[in-house]
Amino acid sequence: MSKKVLIIVSNAHVIGPHNRRTGIFLPEVAHPYAEFDKAKYQIDFASLTGDTPFLDALNLADDPDNLSFLVGKGWASMQKAKKLSDVDVSQYDAIFVPGGLAPMVDMPEHPLLKKVVKETYERSAVVGAVCHGPVSLLNVKLSDGAYLLAGKNITSFTNDEEDNYAKADVPFELETALIKQGAIFHKVAPWQANSIYDGNLVTGQNPASAKGVAEKMIKLLGELYETPTRFAT
């Protein structure tokens with residue numbers, strides 16, 4: 001049977017004291033969508049409020065996967081994203097959270113999102129996130145009361161990258177927050193591709209890492225329940 005992936009997106013469109021326009025960073029959703037589509041997965045979208053999400057980085061539309069997403073099924077499906085509370089996430093083999101600055105607005109503390117991530121992770125389905133998307137992992141507590149992040153090999157948009165991008169706009173530095181909850185943080189030079197997995201948890205550092213996150217998620221979905229927990233770059 002075809003695997004089912006739920007892409008969970010933010011509904012925010014402004015961030016910070018200067019009301020910087022934002023949304024989901026186009027390649028961070030378009031590149032994974034292309035990989036999941038090539039794998040012939042069923043791809044559905046959910047947003048936190050059920051309202052139409054916003055896209056950022058439309059200036060990158062000349063990239064083939066980005067353009068295909070915009071003019072093909074991807075963006076049309078994302079515009080019809082269901083409200084997360086109306087979705088039975090237990091029916092999905094994986095969830096994926098793309099970045100952009102938007103998740104930093106409405107995902108750090110969202111109770112239902114934290115519950116969904118916890119339950120998806122604990123039933124050994126695959127949890128993936130890229131760039132600022134790993135903010136969805138923040139403040140997730142497992143059934144034993146421990147933070148999901150504690151002792152996990154993780155990456156995300158780094159403090160170095162944020163310094164030259166949106167430090168004045170974000171409410172906190174994501175790398176610092178993840179480490180504070182026990183993550184073992186891995187990073188490479190700013191804007192270089194970096195995606196890793198630890199067990200059924202897959203994270204990527206920045207937009208260049210989005211395709212790699214999807215590729216690792218696809219690999220894990222092919223191996224689910226067959227191999228032990230491990231960490232790999």
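1. Let's start at T155, which touches P134, F185, H186, K187, N194, I196, T203, G204 and Q205, leaving aside residues up to four places away in sequence (contact means heavy atoms within 4.5 Å). T155 is found in the loop between β10 (153-154) and α6 (159-163); helices (H or I, at least four residues) and strands (E, at least two) are DSSP runs, numbered from the N terminus. With 0% relative accessibility, T155 counts as buried (buried means under 20% relative accessible area, exposed over 50%, partly exposed in between, with a 1.4 Å probe and protein chains only).

2. A word on the basis: this is a predicted model, where local features need pLDDT of at least 70 and side-chain atom pairs count only at pLDDT 80 or more, while totals for chains, interfaces and linings use all residues. Residues are numbered from 1 along each chain as its sequence is written, and side-chain values use heavy atoms, with hydrogens and water left out.

3. Next, the aromatic rings. Rings of Phe, Tyr and Trp (its six-membered ring) pair if their centres lie within 6.5 Å; planes under 30 degrees apart count as stacked, over 60 as edge-to-face and the rest as tilted. The count by this rule is eight aromatic pairs. Y33 and F45 are stacked, because their ring centres are 6.2 Å apart and their planes at 15°. This pair links distant parts of the chain, with Y33 in helix α1 (residues 26-38) and F45 in strand β5, twelve residues apart.

4. F45 is buried, with a relative accessible area of 4%, and Y33 is buried at 10%. The rings of Y33 and F69 have centres 5.4 Å apart and planes at 80°, so this pair is edge-to-face.

5. Finally, look at helix α5 (residues 111-122), where L113, K114, V116, V117, T120 and Y121 are buried. Down the axis of α5, the buried residues fall within an arc of 160°, so they line one face of the helix (the arc is that of the directions from the helix axis to the C-beta atoms). They pack against β1, β8 (94-97), β9 (126-130) and β13 (201-204).
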